[in-house]
Amino acid sequence: MSLEKIYGVHAVEALLRHHPKRVKQVWLAEGRSEPRVQALVELANQNKVAIGQAERREMDVWVEGVHQGVVADVSPSQVWGEAMLDELLDRTEGAPLLLVLDGVTDPHNLGACLRSADAAGALAVIVPKDKSATLTPVVRKVACGAAEVIPLVAVTNLARTLEKLQQRGLWVVGTAGEAEVSIYDQDLTGPTILIMGAEGKGMRRLTREHCDYLVHLPMAGSVSSLNVSVATGVCLFEAQRQRGAKAKAKK
């Protein structure tokens, strides 16, 4: 089985904490000895993961991006299948929150969305198998460890998946610039699927047709839209705000 290289302090630390068996070796740039690197070394030692040293210029050849002097050889990334959704929902208490990215192809945007989804308490991130970014070293680096915690589920037919989730009682909320209802006026406290469209194009027609509600993000400035990862963060944390307010009101 071929190995892939994951890089960055946060991404490698997250792998060592959550999936240590996947990490075959950790490489550190010569001269790195600050506290957070020492903590990573201790974590690797606890999990009996080999540690090696390499020159920075050699590590620059290994990966594309800012590796921070930390690279790990790991077993290939795991993307979950559709069956994982049923398992997640079966063992989830309360109102689940799922994020769907309909055709987001930029790995930096996917990584940022995974990070926001984890921070906002989303259960999983769903993407179509085709014409979508998937887990890569770049995605893991941008996600700062979230890619090792929140499931990324790739589905063959997104419309069919949405139908199945609706049958389980989840409401589908899609984002569209021309929608009349603001995200801030939409109830997001129930079982919710939040759909964000592709960069520039928005949701595909078939995906849009499966939405129970359409909402927009109010824009007060001169720009007409936000980067998809920024918009995703705003929408997810509005859902989190509403859910927190509802929980407080019940006490």
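Predicted model: local features only at pLDDT ≥ 70, side-chain atom pairs only at ≥ 80, totals over all residues.
Residues are numbered from 1 along each chain as its sequence is written, and side-chain values use heavy atoms, with hydrogens and water left out.

**Between the domains**

In contact (heavy atoms within 4.5 Å) are 15 residues of domain 1 and eight residues of domain 2. The two domains bury about 910 Å² between them, 65% of it on carbon and sulfur atoms; buried area is the accessible area (1.4 Å probe) that two parts lose on being put together, summed over both.

I then looked for salt bridges (a side-chain nitrogen of Lys or Arg within 4 Å of a carboxyl oxygen of Asp or Glu). The count between domain 1 and domain 2 is two.

**Helix 5**

I turned to helix 5 (residues 107-119), which has 13 residues. Helices here are DSSP runs (H or I, at least four residues), and strands are too (E, at least two), numbered from the N terminus. Which residues of helix 5 are buried? I listed Asn109, Leu110, Gly111, Ala112, Cys113, Leu114, Ser116 and Ala117, where buried means under 20% relative accessible area (1.4 Å probe, protein chains only). Among their packing partners I noted strand 5 (97-102) and helix 9 (228-250).

Just after helix 5, I found glycine 121 with a positive phi of about 85°.

Notes:
Expected span 1.5 Å × (residues − 1). Buried < 20%, exposed > 50% of the residue type's maximum accessible area, 1.4 Å probe, protein only.
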